[in-house]
Amino acid sequence: MNSLERSLQLGLVLSLLLLMGLFWLAGYQSLRHLTEDFIVSRLEHDAESLLRMISTNPEQLLGQQVDPIFNQPFSGHYYLIRFRDGREITSRSLWDHLLSVPDLAPGERKRLHLPGPAEQQLLVLVQGFRKHGTEFTLAVSEDLTPIEIERDRFTRNFALLALLGVILLLVVQRFVVRRLFRRLEPVRNDIQRLAQGEVERLSEDVPVEILPLVRELNHLLQLLSQRLERSRNALGNLAHAIKGPLNLLQQFFDEQKNCPDSPRLEQAKTQVRRICELMQRELKRARMAGTGIPSRRFDPATDLPDLIQVLENIHHERHLAIHYEVAEGIHPFGDHEDMLELLGNLLDNACKWARTSVRCAISGRDGKIAIVVEDDGPGLSRQEIEALTERGTRLDETKEGHGLGLAIGKDIVKLYGGTLAFDRSPELGGLRATVLLQQHSPR
Amino acid sequence: MRLLLVEDDKPLADSLKKRLAQEGFAVDLADNGIDAEFLGDEEPYDIVVLDLGLPERPGIEVLKHWRQRGNRVPVIILTARDAWHERVDGFKAGADDYLGKPFHMEELIARIHALIRRHHAVPGQLLRGGGVVLDEEQQQVRLPDGRTVELTGTEFRLLRYFMLNPNKPLSKTRLIEHIYEQDFDRDSNLIEVYVSRLRDKLGKERIATRRGQGYIFIADEP
């Protein structure tokens, strides 16, 4: 798993273990040297006091003259003097244990670790001397066991403390990292809000480490919406430019109405109408934003009443009752222009056919947004509904824009990955159009 | 009926103006937003046909400014920008009706008539008053005794204005303002001539003279 927290923890554990290990090793080594050096210096003192006795009469080194510790059996403090001829004087404390020390030439000196009696670990200082013409080797030793026990305890405690330290640090790090990542939570919420169209850009009040990322994202968003805006404007201008001449052409044909019918005139008229419709449909299709681009969302609670007002004005002469209903808790969805276009076309179609009333309801249904538009007009037969669903064919040539509006509606629904279905309204008796749109999910 | 046509596409504007004049409107033409806004504020138009894509000042702003200043002249937006969100914006800015281009002349004229009737709170499809019914399409008038009388262009315009404002004293100035376009040579004697012609056709009692106030169309049923 590609987790920052995991990587941080792994890095911390490894470096801490390495560090603690090094500390431990260095501590152990220096402690060992320190204690040994200390013991060796003590042994040197012992050796010196022994030497002093030997200097008067080496043959008569008696137990009474030396430090009592050398007389107590297995006391841990021992000495051994071996002359060139093989004679040995050993401390009483050594009892019958044999210390195998090498013979050293005068001036030589060695430090040895030897097993002692009663499983003692001895540090032995062996030195070669010449006194009054007699060469001998002097070995003094001390038991290391108590010190080693102490030292082991120390290293064990150190390791334990280090381990505890590592665990504690890990816990602290985890806490810190979690806290840090919690500061990213607002960014995530921001992105979710962005996806739902509640905001148009991300807040730049973020930790400096992710600020470049957020800025890039904002820049990209701005670019996208500018591009959408530009292309929409350009299309609007194109429509404006083309529609003028087309309008004149259409008027020309309208004025020819009273002339004797000429088939060629009729043909030309049909072609002009086709151009108008094709252009209208393609322009509208090109203007659609679809999902994934941050733009103003359609808020049914405020935008639908406005649209209904427009329809009431446009169909003022027909005195239609247009009812609408928006379920509670429907969040803004879809692009503002797209949804107005979709609803406008559906409602306009319903108004054209209705006798007295039109109904529009927006609600949530299984996590989707359901838009239902129905009228009390004549409705459509099954064949007509099938034809409408398949191709968006023009059903009535006399009512302008019929079929075209529904075709545009279908294009929009398709762009949003939704469905548009037609059937007979069970209550009003006319046509019922049902749109199901995927509720935009944040993930 | 004074009509302000705001349209920057010259050929379309000319063709529209011609046709609207045939329908009995005194048409003034503005081909940019600033002129349109000025004319709309200065002249007592009965209706405005407004394009949105205008040079100098967008049509929607022109409309907003009129409404901000309390100018309630009925406005039909006639535009190539006919997406639904643009219609919503148009109505929010204070439009009374909206027609997308390309349009059929008949539809525009029907909507203009409907809007004028709506503005004058005239119910139904036909203008009637005092037993007289005005046929706006044929520019004829049907009298209470069933006779149909043809009207000339100016007579038709004058009678229509009378019938849209029944039982209200209308000054000669006001009548001229609403019947002739802006640059017409305004001679108030002309009104007297046409009023007397209408009296000949409808009967003297239909249009009364109020001294110092002007004329009044009596719409009470006989």
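In chain A, 61% of the contacts with a separation of 6 or more join residues 24 or more positions apart; two residues are in contact if their C-beta atoms, placed from the backbone, lie within 7 Å. This is a predicted model, in which local features need pLDDT of at least 70 and side-chain atom pairs count only at pLDDT 80 or more, while totals for chains, interfaces and linings use all residues. Residues are numbered from 1 along each chain as its sequence is written, and chains are lettered from A and ligands numbered from 1 in the order in which they are written.

**Chain A overall**

- Chain A holds 9 helices and 12 strands. Helices (H or I, at least four residues) and strands (E, at least two) are DSSP runs, numbered from the N terminus.
- Of its 443 residues, 25% count as buried. Buried means that 20 or more other C-beta atoms lie within 10 Å of the residue's own; exposed means 12 or fewer, and partly exposed is in between, with C-beta atoms placed from the backbone.

**Strands of chain A**

- An open sheet of 5 strands runs in the order S2-S1-S5-S4-S3 of chain A, with antiparallel pairing. Two strands pair if DSSP finds at least two bridges between them.
- Strand S2 (88-90) and strand S3 (109-115) of chain A are the edge strands, each pairing on one side only.
- Neighbouring strands of this sheet are turned by 20 degrees against each other on average, direction ignored.
- Strand S4 (residues 121-131) and strand S5 (residues 134-143) of chain A pair in the antiparallel sense over 10 bridges. A:Lys131 has A:Thr134 in S5(A) as its bridge partner.
- Strand S11 (residues 419-424) and strand S12 (residues 431-438) of chain A run antiparallel, joined by 6 bridges. A:Arg424 is bridged to A:Leu431 in S12(A).
- S11(A) and S12(A) form a hairpin with 6 residues between them. In the turn, A:Gly429 has a positive phi of about 90 degrees.

**Where chain A touches chain B**

- The contact takes 27 residues from chain A and 24 residues from chain B.
- On the chain A side, helix H4 (211-255), helix H5 (263-287), helix H6 (300-314) and H7 each supply at least two residues.
- H4(A) gives the largest share of that side, 11 residues.
- The chain A side divides into 8 nonpolar, 11 polar and 8 charged residues. Ala, Val, Leu, Ile, Met, Phe, Trp, Tyr, Cys and Pro count as nonpolar, Asp, Glu, Lys and Arg as charged, and the others, Gly among them, as polar.

- Helix H7 (residues 336-353) of chain A has 18 residues and should span 26 Å at 1.5 Å a residue; its end C-alpha atoms are 26 Å apart, which agrees. The expected span is 1.5 Å times one less than the number of residues.
- Of the 18 residues of H7(A), 16 are buried.
- The axes of H7(A) and helix H4 (residues 84-92) of chain B come within 7 Å and cross at roughly 90 degrees. Axes are lines fitted to C-alpha atoms, for helices over the stretch in contact, and angles run from 0 to 180 degrees between N-to-C directions.
- The two helices, H7(A) and H4(B), are therefore roughly perpendicular to each other; that term covers 65 to 115 degrees, with under 35 roughly parallel, over 145 roughly antiparallel and the rest oblique.
- A:His336, A:Glu337, A:Leu340, A:Glu341 and A:Gly344 of H7(A) meet B:Trp84, B:His85 and B:Val88 of H4(B).
- These contact residues divide into 3 nonpolar, 3 polar and 2 charged.

**The sheet of chain B**

- In chain B, 5 strands form an open sheet in the order S2-S1-S3-S4-S5, and the pairing is parallel.
- Strand S2 (26-30) and strand S5 (97-100) of chain B stand at the edges with a single partner strand each, so one side of each has no neighbour in the sheet.
- The twist averages 20 degrees from one strand to the next.
- Strand S1 (residues 2-6) of chain B runs parallel to S2(B), joined by 5 bridges. B:Leu4 has B:Asp28 as its bridge partner in S2(B).
- Helix H2 (residues 33-42) of chain B packs on the sheet and touches S1, S2 and S3 of chain B. Its direction makes about 145 degrees with that of S2(B).
- Helix H5 (residues 105-119) of chain B lies across S3, strand S4 (75-79) and S5 of chain B, at about 175 degrees to S5(B).

**B:Asp51**

- B:Asp51 is in the loop between strand S3 (47-50) and helix H3 (59-68) of chain B.
- B:Asp51 counts as buried because it has 27 C-beta neighbours inside 10 Å.
- Not counting residues up to four places away in sequence, B:Asp51 touches B:Val6, B:Glu7, B:Asp8, B:Gly59, B:Leu78 and B:Thr79.
- B:Asp51 and B:Ala80 are 29 residues apart in sequence and 8.2 Å apart in space, C-alpha to C-alpha.
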